[in-house]
Amino acid sequence: LTMINSTVANNSAPEGSAISSDLGALVTVAGTIVQGTCGGPGSFTSNGYNVESPGNTCAFMETTDQMSVTEAQLNLGPLQDNGGPTQTQGLAAGSVALDQIPEPDCIDAAGDPLTVDQRGEPRPAATQCDVGAFELQP
């Protein structure tokens, strides 16, 4: 499983409260918000620019990852209609997830530029991309 620019929050998993990985499975994560814990006998690999709150159960090790982020520092809004085809959890001003991914690194699994967020809003909205599925617009 590869997760890129995703937001996993208020989830439940067989093991862990955010993401669970089966034995022998590898979950690769990049530019993603994980609010909760990672669990299971599988392994997690970071490709950078992840934010994990509240601890460091995913064992992200890249220098661009932010672990043990508090709920207040993450400043993630509730799941709601923020525009677009699906509900999202927006980032509020002051979130540590804002403007963290340099534009050349704001890419999809094929290496192509990510130009919109989950709602279809432009990405990046500022000089760098936000972590997660939601790009805060000015």
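User: What is the handedness of the disulfide of Cys-106 and Cys-129?

Analyst: A disulfide is a covalent bond between the sulfur atoms of two cysteines. The criterion used here is a pair of cysteine sulfur atoms within 2.5 Å. In this predicted model, Cys-106 and Cys-129 are joined with an S to S distance of 2.2 Å. The torsion about their S-S bond is about -100 degrees, so this disulfide is left-handed. Cys-106 lies in the loop between strand S11 (101-102) and strand S12 (128-129), and Cys-129 lies in strand S12, so the link ties together parts 23 residues apart in sequence. Strands (E, at least two residues) and helices (H or I, at least four) are DSSP runs numbered from the N terminus. The model is predicted: local features need pLDDT of at least 70, side-chain atom pairs count only at pLDDT 80 or more, and totals for chains, interfaces and linings use all residues. Residues are numbered from 1 along each chain as its sequence is written, and side-chain values use heavy atoms, with hydrogens and water left out.

User: How many disulfides does the rule give?

Analyst: The count is two. In the other link, the sulfur atoms of Cys-38 and Cys-58 are 1.8 Å apart. With 55 degrees about the S-S bond, that link is right-handed. Cys-38 is in strand S6 (residues 38-39), while Cys-58 is in the loop between strand S8 (51-53) and helix H1 (71-74).

User: Are Cys-106 and Cys-129 buried or exposed?

Analyst: Buried means under 20% relative accessible area, exposed over 50%, and partly exposed in between (1.4 Å probe, protein chains only). Cys-106 and Cys-129 are both buried. Cys-38 counts as buried at 9% relative accessibility, and Cys-58 at 2%.
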